[in-house]
Amino acid sequence: MSNFKTDRKYIIQYLKYLKRYRRRLILSLISIPLISLIHVSQPLILKFAIDHVFLTKQFQLLHWVAIALGAAVVLEFSLRSLQSYLFQYIGQHTVTDIRKDLFTHVTSFKMGYFDRTPQGILTSRLTNDLESLNDSFATGVVTLIADVLTLIGILLAMLFLSVELTIVTLLMTPPLLFFVNICRKKLRIQYNSIRSTIGKLNASIQEQLEGLSIIQQYNRQPLNQDHFDTLNTNYRKATISSVTYDALLYSVIESTASITLGLVIGYALGINQSTTITIGLLVAFIDYIQKFFQPLKEISNKFAVLQH
């Protein structure tokens, strides 16, 4: 609960800076459902092409289908490019404003604060953490919303095409969500450890460089080396653990997508051989399954960004 309250506090403070770029933010948010809608419509165009053009041999409609599919791809690419530019613009300018305010705030502290706080930790907070904040906005939170909207659109389209195939597709979802939640908690612990340790590492290096003459006078090189090795080892272990959980999550999602694809094909061609499942419907579902798990893969990758 404390983590939730802390995150909520940070989000509220961050929103105050985002309000300065309200117009660009609104424009970028409007593009999210439009991109999701165009993305979801492409398999429906393929289904129409197979079932109503190729199988019925109405090739006079083929050029219209090609134009519709090409327009959807080009429009999606254009909107994604515009959206990416706007998010990066807002993120960079917001971080610049925060950095200016933080610099003014830090320089107003009394000297006693700097005597108690290592300069390396302050440097890490003013540089690394702010860059992580920018990444969290530009490639994390907002694109996470876009992925969720895409998933909802894909589910609605799948239910519209075939309820039974949608149920088969969702069979593997509950255990996958359970595993994703476990990895999310583990990743949060590891990234908190990484952030804490990198600040201590920077502080240790800065202090030893400034006091190098004193260290040599008292022959403390072995003790300082042991202290640095301990911090470096902790940082390496936390980083390896985070990479391991992130890679495991990605591979599990990839495996689940392959299993789901096999279940849908097996059900459509083996167990259920009714005429309601056409070739176009099966091709559309295969495309939707790939599009369904792609946002899940992206969400797993965004955990690495958001946990910072």
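Start by colouring the chain by secondary structure: you will find 10 helices and zero strands. Helices here are DSSP runs of H or I with at least four residues, strands are runs of E with at least two, and both are numbered from the N terminus. Walk along from the N terminus and the elements read α-α-α-α-α-α-α-α-α-α.

A word on what you are viewing: this is a predicted model, where local features need pLDDT of at least 70, side-chain atom pairs count only at pLDDT 80 or more, and totals for chains, interfaces and linings use all residues. Residues are numbered from 1 along each chain as its sequence is written, and side-chain values use heavy atoms, with hydrogens and water left out.

Next, select Leu165, Tyr288, Phe293 and Leu296. In the largest nonpolar core, which has 27 residues, these four touch the most other members. Such a core is a set of buried Ala, Val, Leu, Ile, Met, Phe, Trp, Tyr and Cys residues joined through side-chain atoms within 4.5 Å; buried means under 20% relative accessible area, with a 1.4 Å probe and protein chains only.

Now show the helices around this core: α5 (119–161), α6 (163–169), α7 (173–210), α9 (221–271) and α10 (279–306) each supply at least two of its residues. Which helix gives the most to this core? That is α10, with nine residues.

Zoom in on Leu165. Apart from neighbours within four places in sequence, Leu165 is in contact (heavy atoms within 4.5 Å) with Val264, Tyr267, Ala268, Ile277, Leu281 and Phe285.

Then select Ile38, Ile45, Ala72 and Leu79, which are among the eight residues of a second, separate core.

Finally, zoom out: of the 308 residues of the chain, 36% count as buried.

Note on methods:
Buried means under 20% relative accessible area, exposed over 50%, partly exposed in between (1.4 Å probe, protein chains only).
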